Amino acid sequence: MFLSYATGFGLGGGLIIAIGAQNAFVLGQGLRRNHPMMVAFVCALCDAVLIAAGVAGLGTLIAAYPLLTTMAAWGGAAFLIWYGFGALRRLFDTETLAEEHITKTGWKAVLSTTLAVTLLNPHVYLDTVVMLGGIGGQFPADERLGFALGAMTASFVWFFAIALGASWLAPYVARPITWKIVDALTCAVMWLVAYSLLVPEITALIGG
């Protein structure tokens, strides 16, 4: 049980820590101090649900229907491009990280954006449902729970570490240039993820 838990924690952490749309979003909300704990919890909870579904066999089902991944790729890329444009526009604002100058949004808007960044990004499904689910499914039935719990733990630890770390650093990096760097990084990450989603689909269309 412990070995399967440790394996799940290691593999889950390795996949989640990679730079991606979720991490960039959580970092930005943490620096902005805009409901960072809620954002971290929602991201980790979504990962936990998807990991559980993957280990239970959903990954095999998704792999059997390529149309699902194609639709998710186009829809997810469209959202990420739109969100990247929003970060790009903020580069030309005068926003700083000082508490009194930060523009914050309500928790409902933050929640909906968090869910969109998480659930409209096909990479999340590939990492949690397909990859972790496929690996976890190879464990004996009595060890799959341990593997899934390990991967879930890694997700919770990582997202809360980003949110808490960014919130703690915010007072020390309260300069306009810092926020512009964060927005530039966010825009670049969102567009790179969108690019990685669209290139295989466009190549398949041209080749087909």
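Hi everyone, let's start with helix H1, residues 2-17, and helix H7, residues 122-136, which pack at an angle of about 155° with their axes 11 Å apart. Before I go on: this is a predicted model, where local features need pLDDT of at least 70 and side-chain atom pairs count only at pLDDT 80 or more, while totals for chains, interfaces and linings use all residues. Residues are numbered from 1 along each chain as its sequence is written, and side-chain values use heavy atoms, with hydrogens and water left out.

A word on terms. Helices are DSSP runs of H or I with at least four residues, numbered from the N terminus. Axes are lines fitted to C-alpha atoms over the stretch in contact, and angles run from 0 to 180 degrees between N-to-C directions.

Back to our pair: H1 and H7 are therefore roughly antiparallel to each other (the label for angles over 145 degrees). Their crossing is right-handed, meaning that the near helix is turned clockwise from the far one by less than a right angle. Leu11, Gly12 and Leu15 in H1 meet Asp127, Met131, Leu132 and Ile135 in H7, with contact meaning heavy atoms within 4.5 Å. By class, that contact of H1 with H7 has five nonpolar residues, one polar and one charged. Here Ala, Val, Leu, Ile, Met, Phe, Trp, Tyr, Cys and Pro count as nonpolar, Asp, Glu, Lys and Arg as charged, and the others, Gly among them, as polar.

Now the second pair. Helix H3 (residues 36-56) and helix H8 (residues 141-169) pack at about 165°, their axes 9 Å apart. That makes H3 roughly antiparallel to H8, and H3 passes H8 in a right-handed crossing. On the H3 side, the contact includes Pro36, Phe41 and Val55, and on the H8 side Arg144, Phe156 and Ser167 are among the residues met. The classes here are 20 nonpolar, two polar and two charged residues.

Last stop, the inside. How many cavities of 30 Å³ or more are there? The count comes to one, a cavity being a set of points, on a 1 Å grid over the protein atoms alone, where a 1.4 Å probe fits but cannot get out. The largest cavity holds about 50 Å³ of space, the volume filled by probe spheres set on the points, which are joined across faces, edges and corners. Eleven residues line the largest cavity, and the closest to its centre are Gly28, Arg32, Tyr83, Arg90 and Thr186; lining means an atom within 4 Å of a point. H2 gives the most to this lining, with five residues. Thanks, folks!

Methods:
Helices (H or I, at least four residues) and strands (E, at least two) are DSSP runs, numbered from the N terminus. Angles under 35 degrees count as roughly parallel, over 145 as roughly antiparallel, 65 to 115 as roughly perpendicular and the rest as oblique. On a 1 Å grid over the protein atoms alone, a cavity is a set of points where a 1.4 Å probe fits but cannot get out, and a pocket is an open set with protein on both sides within 12 Å along at least five of seven lines; lining residues have an atom within 4 Å of a point.
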